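Below are some brief comments on the model, for reading alongside the coordinates.

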Amino acid sequence: MTLTSSTIGTAASGRTSALVTIGVGALALAAILAAPWLAKPFTITLLTEAFVLAIWAMSLNLLSGHAGLLSFGHAAGFGLGGYAAGYFAREVSADVILSLLFAEAVVFIVAALAGAVAIRLSGVAFSIVSLCIAQVLYQVAIAWRAVTEGMDGLLGVPLPRLFGATIKNGAPFYILVSVVMMATLAGLALVLKSPFGATLRAIRTNDIRAASIGIDVRLHKWLAFVISWMLAGLAGGLMVFLKAGTTPMSLHWSESGNVLIMTIFGGLGTIVGPVLGAVCFVFLHDVLTSTLAIWQFVFGLIFVVVVIAFPSGLAGLPAQFGKLRWRFSR
Amino acid sequence: MAHELNFLFVNIVNGLVYGSFLLLTSLGLSLVFGLGRVVNFAHGAFYALGGYVLISVMRVGAGFWLALAVVPVVLTGIGLALEAGLIRRLRKRPEVDTLLATFGLSAMLVGGIEYLWGTSTTIVKPPLGFEGIVQVLSNDFPIYRFAAAGLSLLMAAGVLAIVQWTPLGLRIRAIADDAEMAEAIGVDRSRLLWQVFGYAAGLAGFAGALGAPIFAVHPEMGLSILIDSFLVVVLGGLGSLKGSTIGAAVVSVTKAVGGAYLADWSTALLFLIVASVLVARPTGIFATGRIA
């Protein structure tokens, strides 16, 4: 009985929710692209950073939310992509497409190898090995001075160029980042609705049963790992242009913690959650660090409250409250 | 040649001193996981809090040894309160949720430390009678270093003895071995997890306070020893105390000797070793299937 009524409910609300999604999406798209004419330059800088971080958070969400492999070292792909793109832009060509392609090639090679090792594990063991991998890269960034310039970091990365024209900081770079971010969001939404996405969720739910119905679990975990790292590398490459450089701190495990909180706060396993999480993170960070000396305390408190009380994050709030209302109305 | 051997010797000795502290933090981490499946990322923050509580108690006028005795009491209290207020809510959740929640808790504690005590590094003088230098094979070592290492090894031996030979230890082993069966014959699992979490926090705080005259006190001091303790515990097998003991020696000596010859590359080497061990044996070297 319950089953039938809820099924009908979903079918009816399915069409409405699709319309709502399209409407909200179109509004958000317009607002994002109109922002440079509406908002202050400083807000645009913050938004640019938030959207770069959103790409990174979406990449973590693919691996940890959908494939169920909780990475505690997701700074790895981000920092590596940043170093590769920054090095190429400085030493070879500042063309943004070439730099990002070079970064993706480097990230692919490292992720293919690291992934082949890491996906043999699951649960907490995977979390700790992913932390180990990121720390190895962090140490390499410090020790390999000839390329990375050690603790000083890779500085003086030029402004990006696209088809021969320099992309200035501010509105032009913001538009570029917004387009890449929305393309990533749309691409991931399609991928996650595809059989590939369903397969990942099957593995997350129960990898032994998934294997028993003929899914190649290791292959799919590896693919999720590599795609996730490459998206993180894309974000890292954009970040290096935004900041005109990078340091080993981009690979530090505290950065892995930052991207985790963005993703979890926004909603692990949802689609738009990581974008909401990244935007909230950047603006909260900006407000709190300028008014409060205890940003780290507040950061930790939010983390604890979300994990304990709202495990599905911001994007999961409507569903969580919906369930509550449903429970009360019975 | 003799000079090189001596260089190696000094590094191994310093590594083992660090290893004795690492052992104290790792034992607590391992016990808490073995019993309650809690991956406690806040363990390093307890270590740091130990150093700061020591400083505050000494400022009030207490001597070093009295302050050192007060620290584990305070930290056990903090650990008990946090378990009852927070960690307990995660009992029915997957292990990774405990990792996430304690990660947040760690940020809260470190942020709190920075707010209360500031971000600067505080140097703690060794206690009276331990300021001198001792010569071993014509190398100078501060006496306190050996005294502290000896005391922490004694504490670690005490922990192992309690687990092996006391009624409390019997219950701990019973829960770690087969929680349902132990509960069926009357062991109060919930209460035991609460106690052990508190004692582990006390032990970590004690290590932080005891190490203060050697490693100095600063807000982030717990983070590096936490990462090392994780390496120790996964290397030895989460939940295996024997594994933690051997793991602490392996990690600390690798770090010290590697650091002497490979400089910044040594930590990368250590992480590679741990990652390869985990891939070959996902439960760690010594864990029996049931405990980890």
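**Notes on the predicted model**

1. The contact between the chains draws on 31 residues of chain A and 34 residues of chain B. The model is a predicted one. On the side of chain A that touches chain B, at least two residues each come from helix 5 (123-143), helix 11 (253-266) and helix 13 (295-309). Helix 5 of chain A contributes the most, with 14 residues. Sorted by class, this side of chain A holds 23 nonpolar, seven polar and one charged residues.

2. Helix 4 of chain A covers residues 96-118, and its length can be checked. At 1.5 Å a residue, its 23 residues should span 33 Å, and the end C-alpha atoms lie 31 Å apart, so the two figures agree.

3. Which residues of helix 4 of chain A are buried? They are A:Val96, A:Ser99, A:Leu100, A:Phe102, A:Ala103, A:Glu104, A:Val107, A:Ala111, A:Ala114, A:Gly115 and A:Ala118. In an α-helix there are 3.6 residues a turn, so residues three or four places apart point the same way. The cover over the buried residues of helix 4 of chain A includes helix 3 (75-91), helix 5, strand 2 (161-162) and helix 10 (217-243), which belong to chain A.

4. In chain B, strand 1 (residues 133-136) and strand 2 (residues 139-142) run antiparallel and are joined by four bridges. B:Ile133 is placed opposite B:Pro142 of strand 2 of chain B.

5. Two residues lie between these strands of the chain B hairpin, where B:Leu137 adopts a positive phi near 50°.

Terms used
Residues are numbered from 1 along each chain as its sequence is written. Chains are lettered from A and ligands numbered from 1 in the order in which they are written. This is a predicted model: local features need pLDDT of at least 70, side-chain atom pairs count only at pLDDT 80 or more; totals for chains, interfaces and linings use all residues. Two residues are in contact if their C-beta atoms, placed from the backbone, lie within 7 Å. Ala, Val, Leu, Ile, Met, Phe, Trp, Tyr, Cys and Pro count as nonpolar, Asp, Glu, Lys and Arg as charged, and the others, Gly among them, as polar. The expected span of a helix is 1.5 Å times one less than its number of residues. A residue is buried if 20 or more other C-beta atoms lie within 10 Å of its own, exposed if 12 or fewer, and partly exposed in between; C-beta atoms are placed from the backbone. Two strands pair if DSSP finds at least two bridges between them.
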